[in-house]
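Colleague: I would like to learn how to read a structural model feature by feature. Could you take me through one?

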Amino acid sequence: MCALLCKNNACKQPLRGGDLQAGLNMLRGSLDYTASSRAILEEYGPLAITAITIKRTPVEGSKVLDYAKKKLGLDLLKSKPFDTLYHIFMEVELEGQRVICEKNEVVKISIAGSERPGTESIRIFKPPKVSLEKMLQKTQDNLGSSSYFRYDAFRLSCQHFLSSITTANRFGRKEVRTFVLLIF
């Protein structure tokens, strides 16, 4: 589930789920990367960032919104003219590799694959001149481990995660912040 809500009927895609370990970490309240994310950070984390693209992709909203309204009693969603949820994430280009940084139920670092259907993007023209691990560590230091790793659909979502990365590392113009924070 993602907290980024936008008006858009154009494209609805099915929800993407996390892996079993990520779900267990969420239940346990883990304050660390999954083993697969840690392995990618060990291999590619020291590499310098050459480019960053922030992306958002639609999530099938009706099931998520219906669940939130019925099970969680979120009447505030009934009064909003939103019909599509978006998942927001970042593609980071390193020296010879592209990785995805995102926050689902846990912070997830993965090797970039093919483009997700319906994806919109905005490129960062002046990415920070640091390594991937330094950028993420600076964000974690700024937020604290609890807020960095834990997920909450309204306070610690993918949107909050990306906004925190851009703030802690001081990149992204007004257009980028609007793209990331397009809500209400």
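This is a predicted model: local features need pLDDT of at least 70, side-chain atom pairs count only at pLDDT 80 or more; totals for chains, interfaces and linings use all residues.

Colleague: How many helices and strands are in the chain?

Modeller: Helices (H or I, at least four residues) and strands (E, at least two) are DSSP runs, numbered from the N terminus. The chain has seven helices and six strands. Read from the N terminus, the order of elements is β-α-α-β-α-β-β-β-β-α-α-α-α.

Colleague: What share of the residues in the chain is buried?

Modeller: Buried means under 20% relative accessible area, exposed over 50%, and partly exposed in between, with a 1.4 Å probe and protein chains only. Of the 184 residues in the chain, 47% are buried. For contacts (heavy atoms within 4.5 Å), residues 24 or more positions apart account for 79% of those with a separation of 6 or more.

Colleague: Which residues touch the most other members of the largest nonpolar core?

Modeller: In soluble globular proteins, nonpolar side chains tend to be buried together. A nonpolar core is a set of buried Ala, Val, Leu, Ile, Met, Phe, Trp, Tyr and Cys residues joined through side-chain atoms within 4.5 Å. Here the largest such core has 30 residues, and those touching the most other members are I52, I54, M90, V92, L132, M135 and L136. Leaving aside neighbours within four places in sequence, L132 has contacts with L41, Y44, G45, L47, I49, V92, L94, V99 and C101.

Colleague: Where is I40, and what does I40 touch?

Modeller: I40 sits in helix α2 (residues 35-44). Because its relative accessible area is 14%, I40 counts as buried. Not counting residues up to four places away in sequence, I40 touches G45, V99, I109, S110 and I111. I40 and K108 are 68 residues apart in sequence, yet their C-alpha atoms are 9.9 Å apart in space.

Colleague: At what angle do the axes of α4 and α6 cross?

Modeller: Axes are lines fitted to C-alpha atoms, for helices over the stretch in contact, and angles run from 0 to 180 degrees between N-to-C directions. The axes of α4 (residues 132-143) and α6 (residues 158-168) cross at roughly 105° and come within 9 Å. The two helices are therefore roughly perpendicular, a label that covers 65 to 115 degrees, with angles under 35 counted as roughly parallel, over 145 as roughly antiparallel and the rest as oblique.

Colleague: Which residues meet there?

Modeller: From α4 they are M135, L136, K138, T139, N142 and L143, and from α6 they are H160, S164, I165 and A168. The residues of this contact divide into five nonpolar, four polar and one charged. In that scheme Ala, Val, Leu, Ile, Met, Phe, Trp, Tyr, Cys and Pro are nonpolar, Asp, Glu, Lys and Arg charged, and the others, Gly among them, polar. Helix α6 is mostly covered, with nine of its 11 residues buried.

Colleague: How many salt bridges does the structure hold?

Modeller: Side chains of opposite charge can pair when their charged atoms come close. A salt bridge is a side-chain nitrogen of Lys or Arg within 4 Å of a carboxyl oxygen of Asp or Glu. The structure holds eight. In one of them, R56 pairs with E120, with the closest N and O atoms 2.6 Å apart. That pair links distant parts of the chain, from strand β2 (residues 51-59) to strand β6 (residues 120-124), 64 residues apart.

Colleague: Which residue with a positive phi follows α6?

Modeller: R170 follows α6. R170 is not a glycine, yet has a positive phi of about 50°. R170 lies in the loop between α6 and α7 (174-180), and R170 counts as exposed because its relative accessibility is 74%.

Methods. Residues are numbered from 1 along each chain as its sequence is written. Side-chain values use heavy atoms; hydrogens and water are left out.
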